[in-house]
Amino acid sequence: MLNPEPAGRAEVPAEEPGRRLLQRRFTARLLPQLRLLVEECAAREGLCEPRRGEFVLAVDEIAGNAVEHAGGSGRLVLRRVGDELECRISDAGPGFSEAVIPELLPGLDGAPKGRGLWLARLVADRFAVSRGTGAPGAAGEAGAVVTVAVRLP
């Protein structure tokens, strides 16, 4: 079951504007449920198809990467910020920079992986990768924070 974060542990600093729609920790087992929750929130906020499907796919790819490459879990915060739907996914992995995402479609050489972040950046109106705020290996989750946002109609 997906459990909400305790009220005292905010992922997004209080000074940032926006209305929190969803906040969850996740593991591989919870990814299908997380995807449904993100889709429901996006629909409620007025994000229409096909844009909603693109956004949900981007979020799913980023969350899947957190599980696969950054310790098996992550944290998602979905917010409405002005006229955007913004999703931040943080993990406790080794971190990475946006520079590792290729400009051209990866996998043309036959490699089956490496398309998730490329795709997320492609469909987003705003995309960023930053370092987490905690110490490596600590509960504060050093790792990476990937932000993907789309404009709402």
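A quick word on ground rules: residues count from 1 along each chain as its sequence is written, and side-chain values use heavy atoms, with hydrogens and water left out. Since the model is predicted, local features need pLDDT of at least 70 and side-chain atom pairs count only at pLDDT 80 or more, while totals for chains, interfaces and linings use all residues.

**The sheet.** Five strands make an open sheet in the order β1-β2-β3-β5-β4, with antiparallel pairing. Strands here are DSSP E runs of at least two residues, and helices are H or I runs of at least four, both numbered from the N terminus; two strands pair if DSSP finds at least two bridges between them. β1 and β4 each have a single partner strand, so one side of each is left without a neighbour in the sheet. From one strand to the next, the twist averages 15 degrees. β2 and β3 run antiparallel and are joined by seven bridges; R75, for instance, has S90 of β3 as its bridge partner.

**The helices.** α1 lies across β1, β2 and β3, at about 170 degrees to β1 (contact means heavy atoms within 4.5 Å; angles run from 0 to 180 degrees between N-to-C directions, with axes fitted to C-alpha atoms, for helices over the stretch in contact). In the loop between α1 and α2 sits P50, joined to E49 by a cis peptide bond with omega about 5 degrees.

The axes of α2 and α3 come within 9 Å and cross at roughly 145 degrees. Residues making this contact include E61 and N65 of α2, and L117 of α3.

The largest pocket has a volume of about 470 Å³. A pocket is an open set of points on a 1 Å grid over the protein atoms alone, where a 1.4 Å probe fits, with protein on both sides within 12 Å along at least five of seven lines; lining residues have an atom within 4 Å of a point. Points are joined across faces, edges and corners, and the volume is the space filled by probe spheres set on them. Of its 26 lining residues, E61, N65, A66, H69 and L117 are the closest to the centre. α2 gives the largest share, eight residues.
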